Amino acid sequence: MEKSTILQSTITCPQCGFQKEEIMPTDACQYFYKCTNCETVLKPKQGDCCVFCSYGTVACPPIQMNKSCCS
């Protein structure tokens, strides 16, 4: 049985704590994300491939599928 990929993730801004549910792209990493509350531009933490892996409730689709992200 194949595990389904989750496409929605709640991203939390580390600056102001604002949370927003977003749809993750399936074909690319999202390297930048601008908080809609405080307008801080988020970048992935060292070792993470995208902002969803760093600040989201769910890892990005390629990581969920055990594939190389951003290749």
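This is a predicted model: local features need pLDDT of at least 70, side-chain atom pairs count only at pLDDT 80 or more; totals for chains, interfaces and linings use all residues.
Figure 1. Together with Phe 32 and Val 41, Tyr 31 makes a nonpolar surface patch of about 320 Å².

**Figure 2. The whole chain, as context for the close-up views.** The chain contains two helices and four strands, which follow one another along the sequence in the pattern β-β-β-β-α-α. Its radius of gyration is 12 Å, close to the 11 Å that the globule rule gives for 71 residues, so the chain is as compact as a globular protein of that length. Along the principal axes, the C-alpha trace spans about 40 × 20 × 15 Å. The accessible surface of the chain comes to about 4,900 Å², and 47% of this surface belongs to carbon and sulfur atoms, while buried residues make up 30% of the 71 residues. Among the contacts that join residues at least 6 apart in sequence, 35% are between residues at least 24 apart.

**Figure 3. Ser 9, a buried residue in strand E1.** Ser 9 is found in strand E1, which covers residues 8-12. Its relative accessibility is 1%, and Ser 9 therefore counts as buried, since buried means under 20% relative accessible area. The side chain of Ser 9 reaches the backbone nitrogen of Thr 57 at a distance of 3.0 Å. Apart from neighbours within four places in sequence, the residues in contact with Ser 9 include Lys 20, Glu 21 and Glu 22, and also Gly 56, Thr 57 and Val 58. Met 24 and Phe 52 are likewise among the contacts of Ser 9.

**Figure 4. The salt bridge between Glu 22 and Lys 20.** A search of the whole structure finds one salt bridge, and the pair concerned is Glu 22 and Lys 20, with the closest N and O atoms 3.8 Å apart. This pair qualifies because the cut-off for a salt bridge is 4 Å between the side-chain nitrogen and the carboxyl oxygen. Lys 20 counts as partly exposed, at 32% relative accessibility, and Glu 22 has its place in strand E2. The side chain of Glu 22 also makes a polar contact with the side chain of Tyr 33, at 2.8 Å. Leaving aside neighbours within four places in sequence, Glu 22 is in contact with Leu 7, Gln 8, Ser 9, Ile 11, Tyr 33 and Phe 52.

**Figure 5. Phe 18 in the loop between E1 and E2.** Phe 18 lies in the loop between strands E1 and E2, where a relative accessibility of 32% places Phe 18 in the partly exposed class. When residues up to four places away in sequence are not counted, Phe 18 touches Ile 11, Thr 12 and Cys 13, as well as Cys 35, Thr 36 and Asn 37. For Phe 18 and Thr 36, which are 18 residues apart along the chain, the C-alpha atoms are separated by 8.3 Å.

**Figure 6. Glu 39, a residue with a positive phi.** Although Glu 39 is not a glycine, its phi is positive, at about 65°. Glu 39 lies in the loop between E3 and strand E4 (41-42). The relative accessible area of Glu 39 is 53%, and this residue is therefore exposed, the limit for that class being over 50%.

**Figure 7. Ile 63 in helix H2.** Ile 63 lies in helix H2, which comprises residues 61-64, and is partly exposed, with a relative accessible area of 36%. The C-alpha atoms of Ile 63 and Met 24 are separated by 12 Å, the two residues being 39 apart along the chain.

Terms used: Residues are numbered from 1 along each chain as its sequence is written. Side-chain values use heavy atoms; hydrogens and water are left out. Patches are made of residues with over 30% relative accessible area and no salt bridge: like charges are joined within 9 Å, nonpolar side chains (Val, Leu, Ile, Met, Phe, Trp, Tyr) within 5 Å. Accessible areas come from the Shrake-Rupley method with a 1.4 Å probe; for residues, only the protein chains shown count as cover. Buried means under 20% relative accessible area, exposed over 50%, partly exposed in between (1.4 Å probe, protein chains only). A polar contact is a pair of N or O atoms within 3.5 Å; within protein, one must be able to donate a hydrogen and the other to accept it, and residues adjacent in sequence count only if both atoms are side-chain atoms. Contact means heavy atoms within 4.5 Å. The radius of gyration is taken over C-alpha atoms; the globule rule is 2.2 Å times the number of residues to the power 0.38.
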